[in-house]
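Visitor: Please show me the structure, and then let us go through it by question and answer.

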Amino acid sequence: MSENDVVNVYVPREVHFDIKKMQVVTANILKRLGCEGCHSGRIIYFKNLEDFVVNPKTLDVQELRSGL
Amino acid sequence: MRPLGPGVVVVPALLPWLSEQRGEQPVVEVEPQTLWSLQLDGGQRRYLLNRELFRRIVDLPNRKLVHSVGLPFGGPQPAAPEQIALIAEMSEALGTPWVSDHLSFNAFRDGDGWSNTGFFLPPRQTEASAQAAAQKIRELSTALGRPVAFETGVNYLRPHEDEMNDGDFFARVARLAGSGILLDVHNLWINECNGRQRAADVLAALPLDRVWELHVAGGTELNGFALDAHCGPVPEAVWELADAWVPRMPNLGAIIFEVLDDHASRLGVRVLDSQWERLQALWSRRAHADIRVTMSPIRAREPITRHVDEEWERTLAEAAIGRAPAGEMLACDPGLALFRELIFDTRAGFVAQGLRYSMTLLLSALGPRDTRELLSQYAATTPPELFASLESDRFAQFLRGRLPRVAYLDEVLGYEHALVRASLYGEASTVTFTHDPAELLDCLDRGQVPQALSSMTVSLLVAGQEGDRPGEPSMRERSE
């Protein structure tokens with residue numbers, strides 16, 4: 001996102017949650033919304049996301065690092 | 001003119017590496033569209049340049065090249081004037097001596113409009129296609145006021161007897177257009193590995209004085225295919241091919257190593273340094289001090305009939321995006337299934353970028369198979385988009401119409417979709433969480449399924465950049 005292309009998230013003055021966390025999340029989502037697939041190189045983000053496994057006992061999701 | 005030299009495609013992950021280079025500075029190649037975001041105003045598309053990042057690139061002391069990835073020369077779709085205008089502005093700021101794009105197509109006629117393929121597809125290799133591509137190259141050169149080169153593409157389909165071979169097709173386009181060639185040596189090698197023409201035979205057919213630039217890259221394998229993935233170091237066979245042919249290219253002005261942003265950070269400094277050393281060694285094999293790069297000649301637009309080729313390309317596109325079965329000629333081509341998978345993964349990748357937390361929730365709650373099935377149902381009904389924002393918006397709309405029973409999904413999707421819509425449409429919206437949002441997103445960041453989160457009702461106002469400031473009454477919170 002450029003300086004001129006900012007999406008703001010406004011929250012109450014006395015909040016119980018962490019506004020910095022929300023800002024980081026917001027920025028992380030927004031900075032990746034461009035055009036990155038219009039080339040011949042293969043995008044593998046989905047494969048990265050698929051490399052999660054769920055532990056059936058704890059229901060924790062663990063990320064596997066692929067060899068790619 | 002003085003040639004530029006060896007270099008890299010500039011991606012954010014490479015900026016620290018570039019700043020630490022001493023001695024000869026790598027040329028940096030800029031893919032303009034990757035610095036854009038899309039805004040939709042009614043039916044009008046506007047492309048917004050990330051001026052902060054662009055300024056950092058302009059300010060680099062390195063010499064620069066512009067390599068467009070959104071105005072391919074194959075296929076019937078005319079170049080979008082909004083894209084040309086922004087590329088012209090960026091080219092001027094970067095001082096690029098030429099601009100390149102791909103000899104591929106990424107859109108097809110769909111009713112009264114156009115639909116995207118979501119991936120570069122190979123054009124039909126006929127005389128009419130060569131003439132049409134040459135016309136588009138000449139027109140872009142005229143519109144930009146700069147020399148233009150086309151990139152030799154990767155093609156996962158089998159060669160067809162009723163088409164020109166790769167070398168003859170590239171040579172024909174270059175001569176008709178009076179343009180340069182951006183020779184992607186990795187693509188030639190990949191094509192050879194996958195059963196198309198031998199790379200050395202392609203090179204032997206080309207007018208080598210028109211080769212202004214080389215691309216080299218690393219790939220991987222998928223389903224028995226060699227894949228152009230821009231994910232690693234350049235294979236030795238590609239270096240050897242380039243070593244043998246570079247001395248015969250009198251107007252070679254740049255050699256660029258391509259790597260995707262995510263892979264650049266994973267490769268690490270040592271691998272990047274080793275690739276840089278090989279690039280410099282390859283560059284030293286050139287035999288000429290100065291090069292000649294020229295504008296394509298201006299000619300009046302000629303009517304070119306290529307109904308048969310366009311129909312073939314539309315059949316390929318509709319089959320590749322999974323909308324229609326393949327025609328007889330393509331049905332038994334294993335390359336079609338690969339294109340389908342690549343397009344699907346690219347689309348899923350876009351959705352995973354724009355709706356990362358919602359996708360994490362879906363994967364953890366439904367598992368990869370059912371999540372993929374959901375994405376397949378979406379992909380079968382909606383053509384691909386070239387921007388992650390628009391693809392994410394479309395998928396979020398689809399998902400909201402059939403929301404799976406997954407705890408917290410409504411809240412997370414609501415928040416992410418609001419951000420996407422604010423980016424795309426400048427639209428403000430209020431999002432309500434019934435649980436602590438920071439706790440919820442923290443869980444997802446850590447890769448944990450959220451459980452028993454604190455209840456609270458929080459309304460957030462997501463505002464676009466158009467001065468859409470909230471009034472105090474719109475912000476409210478109620479803890480329970």
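Visitor: What ipTM and pTM does the model score?
Guide: This is a predicted model, so its scores come before any detail. The model has a pTM of 0.91 and an ipTM of 0.80.

Visitor: What is the mean pLDDT of chain A, and what is that of chain B?
Guide: In chain B, 97% of the residues reach 70 or more. In chain A, 53% score at least 70. The averages are 69 for chain A and 92 for chain B.

Visitor: Which element of chain A has the highest mean pLDDT?
Guide: At the lowest mean is strand β3 (residues 61-63) of chain A, with 61. The highest mean, 82, belongs to helix α1 (residues 19-30) of chain A.

Visitor: Over which residues of chain B is the pLDDT below 50?
Guide: Chain B has a mean pLDDT of 92, but one stretch has values below 50. Beyond near neighbours in sequence, that stretch has 26 contacts in the model. Where pLDDT is low, predicted coordinates should not be read in detail. The stretch is residues 466-480 of chain B.

Visitor: How many nonpolar residues are in the contact of α2(B) with α3(B)?
Guide: Helix α2 (residues 51-58) of chain B packs on helix α3 (residues 81-94) of chain B at about 35 degrees, with the axes 10 Å apart, and the crossing is right-handed. Arg51(B), Phe54(B), Ile57(B) and Val58(B) of α2(B) touch Glu89(B), Met90(B), Ala93(B) and Leu94(B) of α3(B). By class there are 2 charged residues, no polar ones, and nonpolar residues numbering 6.

Visitor: Why is α4(B) described as it is relative to α5(B), and what is the word?
Guide: The axes of helix α4 (residues 127-144) of chain B and helix α5 (residues 166-177) of chain B come within 8 Å and cross at roughly 45 degrees. Angles under 35 degrees count as roughly parallel, and 65 to 115 as roughly perpendicular. The angle therefore makes α4(B), relative to α5(B), oblique.

Visitor: Is the crossing of α14(B) and α15(B) left-handed or right-handed?
Guide: Helix α14 (residues 388-400) of chain B and helix α15 (residues 409-425) of chain B have axes that come within 9 Å and cross at roughly 140 degrees. The two are therefore oblique to each other. The contact residues are 7 nonpolar, 5 polar and 4 charged. The crossing of α14(B) past α15(B) is left-handed.

Visitor: What kind of pair do the rings of Phe119(B) and Phe339(B) form?
Guide: Over all chains the count is 11 aromatic pairs. For Phe119(B) and Phe339(B), the ring centres are 6.4 Å apart and the planes stand at 70 degrees. Planes over 60 degrees apart have their own class, so the pair is edge-to-face.

Visitor: How many residues apart are Phe119(B) and Phe339(B)?
Guide: Phe119(B) is in strand β8 (residues 113-121) of chain B, and Phe339(B) is in helix α12 (residues 334-354) of chain B. The pair links distant parts of the chain, and the separation is 220 residues.

Key: Residues numbered from 1 in each chain as written. Chains lettered and ligands numbered in written order. Predicted model: local features only at pLDDT ≥ 70, side-chain atom pairs only at ≥ 80, totals over all residues. Heavy atoms only, no water. Axes fitted to C-alpha atoms, helices over the stretch in contact; angles between N-to-C directions. Helix = DSSP H or I, 4+ residues; strand = E, 2+ residues; numbered from the N terminus. Left-handed = near helix turned anticlockwise from the far one by under 90°. Contact = heavy atoms within 4.5 Å. Nonpolar A, V, L, I, M, F, W, Y, C, P; charged D, E, K, R; others polar. pLDDT = per-residue confidence, 0-100. Parallel < 35°, antiparallel > 145°, perpendicular 65-115°, else oblique. Phe/Tyr/Trp six-rings, centres within 6.5 Å; stacked < 30°, edge-to-face > 60°.
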